[in-house]
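Open the model in your viewer and keep the selection panel at hand. The stops below go from the ligand to a pair of aromatic rings.

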Amino acid sequence: MEIIIKETSETTSVMAARLVARLVREKPNAVLGLATGSTPLMLYKELVRLHQEEGLDFSGITTFNLDEYIGLPRDHEQSYYTFMWKNLFSQINILPENVHIPDGMAADVPLACAEYEQAILEAGGIDLQVLGIGSDGHVGFNEPTSSFASRTRIKTLTRQTLKDNARFFNDDDSRVPHHCITMGIGTIMDAGCILMLAFGEKKAEAIASMVEGPVASVVPASILQHHARAKVFIDEAAATQLKRADYYRWVYEGKPDWQLDA
Ligand code: PGA
């Protein structure tokens, strides 16, 4: 795991966007795995800027989103479908047919999940997966004790996640859907490269457990210790509980030029 600590979430997001942009330029038909929530917003804003001001071309790019609430229609203001179109897709030149988001209204959820996995395979697999982390250590909506071998499936959210996400539902956690479809941990681990972002003190404990704790399904993100190409971009606030933060800074500052952005 490579840990990159920067002063602010903005600087961190711009750096992360540079990595995504490099892949998009080098592999115009790349497959991106995307995340929702507050964390990737600045990354998406920077990708929009790169498209609008520097011509970053998404016309050959395919995307797969990590998750979606069950029971929210696409046009619900809090569906991840709405989130992605509002914050990214409507502002870049991606082809709608290349966008994939789990269908939270599917009549046959297990079938929809199996088809989602198949679509990822047919697209050639995910080259780069953008991830956030829950305060309970989840990735996607793979809550604590999720199987490390899991694939796209239905999950029940923890009370902590319902509480964390209540801010999007008028601060009323009873209005947050209790179920979701999420890529599995096995699905996420198949991505060629992982780009995790985490900001703020409320993520510090989860980040420390993920990076420096044991690999255990109670901290689903800790499985990323087994990923050969996982980069973790965090701000200073999210780094406050890392015991080896100085070492990660020292490693990053000492990187030879050829290794930067690698
Ligand atoms: P957040 O969510 O970006 O809104 O903090 C992250 C997550 O739950 O994975």
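Which pocket does the space taken by the ligand form? The ligand takes up the space of the largest pocket. Bear in mind that this is a predicted model.

The shell consists of G37, S38, T39, G132, I133, G134, H138, R167 and K203. Sorted by type, these shell residues are 1 nonpolar, 6 polar and 2 charged.

Next, show the side chains of H138, R167 and K203, which belong to that shell. In H138, a side-chain N or O atom is 2.6 Å from an oxygen atom of the ligand. For R167, the distance from a polar side-chain atom to a ligand oxygen is 2.8 Å. At K203, a side-chain N or O atom lies 2.6 Å from an oxygen atom of the ligand. The ligand exposes 280 Å² when taken alone, and the protein buries 87% of that area.

Now leave the ligand and turn to the aromatic rings. There are 9 aromatic pairs in the structure.

Finally, colour helix α3, residues 80–87. Y81 and W85 are 4 residues apart in this helix, so about one helical turn separates them.

Key:
Residues numbered from 1 in each chain as written. Predicted model: local features only at pLDDT ≥ 70, side-chain atom pairs only at ≥ 80, totals over all residues. Heavy atoms only, no water. Near = heavy atom within 4 Å. Polar contact = N/O pair within 3.5 Å; in protein donor to acceptor, adjacent residues only side chain to side chain. Areas by Shrake-Rupley, 256 points an atom, 1.4 Å probe, with all protein chains shown as cover. 1 Å grid on protein atoms, 1.4 Å probe; cavity = no way out; pocket = protein on both sides within 12 Å on 5 of 7 lines; lining within 4 Å. Sits in = over half its atoms within 2 Å of the grid points. Nonpolar A, V, L, I, M, F, W, Y, C, P; charged D, E, K, R; others polar. Phe/Tyr/Trp six-rings, centres within 6.5 Å; stacked < 30°, edge-to-face > 60°. Helix = DSSP H or I, 4+ residues; strand = E, 2+ residues; numbered from the N terminus.
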